[in-house]
Amino acid sequence: MKTQQYHTTIPNNYLTTGNLALAPVEAPVFTVIEGGYSHKATPDRKAAREQRRARAAEEARMRVYSLVATLVFMCILVTSSMLRNAYDTAARNKAYAEVTTMSITVGPGDSLWEIAEHHPVEGRSVRDVTSWISEINGLSTATLMVGQELLVPAV
């Protein structure tokens, strides 16, 4: 490869800068390279290109494997959650199926939580009993009215 550098001074051309100060200007340095870029691929370039393609294909494969693994994990997680909820619902229904109920009248200052505490169900939390009382009586809120009749677990 042959290279040459050129420096030239432009003799009769002047630049004007600032307060019209005049000075000769030296042309920029540039290099000419003979030969230039060849479009023909050498064996080294072909090998490098093949390595890049193989690396890109491997990265794409790993992304797909990661995506599939994530989807499988999410499916397992959702399925286990659904099974757990089904098991909890079945256990709750079984526990409440054996409960005998009685009717009470809501008094001044009574709350759903207090009523659930006074009418416990063995093996169930106060929160569960509160939910069950709301469900069995068709309550959409925990607000109770004095004189309202409620079905609750018999003590």
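How many helices and strands are there in the protein? The protein has three helices and six strands, where helices (H or I, at least four residues) and strands (E, at least two) are DSSP runs numbered from the N terminus. The structure is a predicted model, in which local features need pLDDT of at least 70 and side-chain atom pairs count only at pLDDT 80 or more, while totals for chains, interfaces and linings use all residues. Residues are numbered from 1 along each chain as its sequence is written, and side-chain values use heavy atoms, with hydrogens and water left out.

Read from the N terminus, the order of the elements is β-β-β-β-α-β-α-α-β. Of the contacts in the protein with a separation of 6 or more, 57% are between residues 24 or more positions apart; a contact means heavy atoms within 4.5 Å. The protein exposes about 12400 Å², of which carbon and sulfur atoms supply 59%. Accessible areas come from the Shrake-Rupley method with a 1.4 Å probe, and for residues only the protein chains shown count as cover. Among the 155 residues, 14% count as buried. Buried means under 20% relative accessible area, exposed means over 50%, and partly exposed lies in between (1.4 Å probe, protein chains only).

Two surface patches were identified. Patches are made of residues with over 30% relative accessible area and no salt bridge, with like charges joined within 9 Å and nonpolar side chains (Val, Leu, Ile, Met, Phe, Trp, Tyr) within 5 Å. A salt bridge is a side-chain nitrogen of Lys or Arg within 4 Å of a carboxyl oxygen of Asp or Glu. Arg45, Lys46, Arg49, Arg52 and Arg55 form a positive patch. Lys and Arg count as positive and Asp and Glu as negative, with His and the chain ends not counted; the place of a charge is NZ of Lys, CZ of Arg, CG of Asp or CD of Glu. Arg52 lies in helix H1 (residues 43-97) and is partly exposed because its relative accessibility is 48%.

A nonpolar surface patch consists of Met62, Val64, Tyr65, Val68, Val72 and Ile76, which together have about 580 Å² of accessible area. Met62 also belongs to helix H1, and its relative accessible area of 43% makes Met62 partly exposed.

Thr130 is located in helix H3 (residues 126-137). Thr130 counts as buried because its relative accessibility is 14%. Leaving aside residues up to four places away in sequence, Thr130 touches Leu112, Trp113 and Ala116. Thr130 and Trp113 are 17 residues apart along the chain, and their C-alpha atoms are separated by 6.1 Å.
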